[in-house]
Amino acid sequence: MLINESIKQCRISRGFTQEDIAEKMGLSKQFILQLEQGQRKIPVDRLIQIANILDCTLDDLVGRNFGKD
């Protein structure tokens, strides 16, 4: 699974909308949409911020562990 797909899957499973994540990060919904569609590369600091918001590990977001628990 690609990072963008893992971010979307984790976000949805945690009950967050793209708007929720964008607001918590101080970004536009468009930015989150582009991340989830693979149209934008995600900097590591933003990936860490998303992991913290979603209460996921970085392994979850890079597709190494998601769905194992």
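**Helix packing and the disulfide**

Helix H1 (residues 3–13) packs against helix H4 (residues 44–54) at an angle of about 20°, and their axes lie 10 Å apart. That angle makes H1 roughly parallel to H4. The model is predicted. One disulfide turns up in a search of the whole structure. Its partners are Cys 10 and Cys 56.

**How H1 and H4 pack**

- Two packed helices are described by the angle between their axes and by the distance between those axes.
- For H1 and H4 the angle is about 20°.
- The crossing of H1 and H4 is left-handed.

**Residues at the contact**

- H1 contributes Ile 3, Ile 7, Cys 10 and Arg 11.
- H4 contributes Leu 47, Ile 50 and Leu 54.
- By class, the contact has six nonpolar residues, one charged residue and no polar ones.
- Arg counts as charged, and Arg 11 in H1 is among the contact residues.

**The disulfide**

- A disulfide is a covalent bond between the sulfur atoms of two cysteines.
- In the Cys 10–Cys 56 pair, the sulfur atoms are 1.9 Å apart.
- Cys 10 sits in helix H1, while Cys 56 sits in the loop between H4 and helix H5 (58–61). The pair therefore ties together parts that are 46 residues apart in sequence.
- Cys 10 is also one of the H1 residues that meet H4.

**Burial of the two cysteines**

- Cys 10 has a relative accessible area of 0%, so Cys 10 is buried.
- Cys 56 has 9% relative accessibility and also counts as buried. The cut-off for buried is under 20%.

Notes:
Residues are numbered from 1 along each chain as its sequence is written. This is a predicted model: local features need pLDDT of at least 70, side-chain atom pairs count only at pLDDT 80 or more; totals for chains, interfaces and linings use all residues. Side-chain values use heavy atoms; hydrogens and water are left out. Axes are lines fitted to C-alpha atoms, for helices over the stretch in contact, and angles run from 0 to 180 degrees between N-to-C directions. Helices (H or I, at least four residues) and strands (E, at least two) are DSSP runs, numbered from the N terminus. Angles under 35 degrees count as roughly parallel, over 145 as roughly antiparallel, 65 to 115 as roughly perpendicular and the rest as oblique. A crossing is left-handed if the near helix is turned anticlockwise from the far one by less than a right angle, and right-handed if clockwise. Contact means heavy atoms within 4.5 Å. A disulfide is a pair of cysteine sulfur atoms within 2.5 Å. Buried means under 20% relative accessible area, exposed over 50%, partly exposed in between (1.4 Å probe, protein chains only).
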